[in-house]
Amino acid sequence: MKHAGKIGVVVNPHSGSGRTGKQWPAIARALEEKLGPLTVMFTESGGGGAVCARELLRASCKFLVAVGGDGTTNEVVNGFIENDEPVCGDACLGILPLGTGSDFRRSLEIGGDVGGAIDVLATGAPARIDVGKATFRAEDGSPRTRYFVNVASFGLGGEVALRLEGAQRRWGGKATFLWTASRMLPGHRAKRVRLELDGEVLPGEFRITNVAIGNGKFHGGGMHFCPRAVLNDGILEITVIDRLGILELLRNLKLLYSDDIYRHPKVHPFRARRVVAESDEVTRVEIDGEPLGRLPFEATALP
């Protein structure tokens, strides 16, 4: 099926440890065979995907494809939205997941092979989903806003994302995440965090290893951090993981990567349209896999 209107493609050639750039000529031919003529732009710096997406939308592209990992998808999404509204209401987004982790594709039930993902782009039906809006502090303390479609987290997840930023990821997303987390966990101090959900302040403080706020279900290379999350219900799934030692993490790895994660006694599920988190300690934030700042943090579901 050929899509009506102009098709724009935003490519992160560095995704998948550079494999995307090397394989792009063959991928481009396969895309054009299924979709028709393409207008292609390449990202070269952090945030570049949003700039490319905005330019393609202004050039009347009604179908955009984000080629890369979850971070690339996030950047393109941020090009779609301005002041909590779509820049172009009748445009739609597809993803060709070629990143190391590519957790968002799992919630969309898109397979990991390129050919199958291109078939979804060619024949799949568009669907409306929610977007999360996050506000937080950059490392210099200045306020920031970012939209997300999959998962935002803070705590160990933020620290791991910061450690992995710009690194070559020779293994898959799960192995990379686990290796880095296990190396960092012995020296990681659980953060004391205060949470407010839909205006209700939860009693006391949580000593957290990590907190995930999910529009999507998966994080960390396939971990079911938010197994009850639904992409279009107007609600965010909040998963609080209390302080875990390295032996606890390794001993419970199978459970933590399953959709039974909430059976673990140190895992606490919540649901809310709006979540606010504060801490007196530096607690780093990642959004769709990208390290972007630190607490205080607020996330709101935009249906």
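**Pocket and ring pairs**

Author: The largest pocket is lined by 38 residues, with Cys92, Leu93, Ala127, Arg128 and Ile129 nearest its centre. S6 gives the largest share of that lining, four residues. The model is predicted, so local features need pLDDT of at least 70, side-chain atom pairs need 80 or more, and totals for chains, interfaces and linings use all residues. Numbering runs from 1 along each chain as its sequence is written, and side-chain values use heavy atoms, without hydrogens and water.

Reader: Why is the pair of tryptophan 24 and phenylalanine 42 called edge-to-face?

Author: Rings of Phe, Tyr and Trp (its six-membered ring) pair if their centres lie within 6.5 Å; planes under 30 degrees apart are stacked, over 60 edge-to-face, the rest tilted. Here the centres are 6.1 Å apart and the planes stand at 85°, so the pair is edge-to-face.

Reader: What makes the pair of phenylalanine 154 and phenylalanine 297 tilted?

Author: Their ring centres are 5.7 Å apart and their planes are at 50°, so the pair is tilted. Phenylalanine 154 is in strand S9 (residues 151–155) and phenylalanine 297 in strand S17 (residues 290–302), so the pair ties together parts 143 residues apart in sequence.

Reader: Why is tryptophan 24 called buried?

Author: Buried means under 20% relative accessible area, exposed over 50%, and partly exposed in between (1.4 Å probe, protein chains only). Tryptophan 24 has 10%, so it is buried.

Reader: Why does phenylalanine 42 count as partly exposed?

Author: Its relative accessibility is 39%, so phenylalanine 42 is partly exposed.

Notes. 1 Å grid on protein atoms, 1.4 Å probe; cavity = no way out; pocket = protein on both sides within 12 Å on 5 of 7 lines; lining within 4 Å. Helix = DSSP H or I, 4+ residues; strand = E, 2+ residues; numbered from the N terminus.
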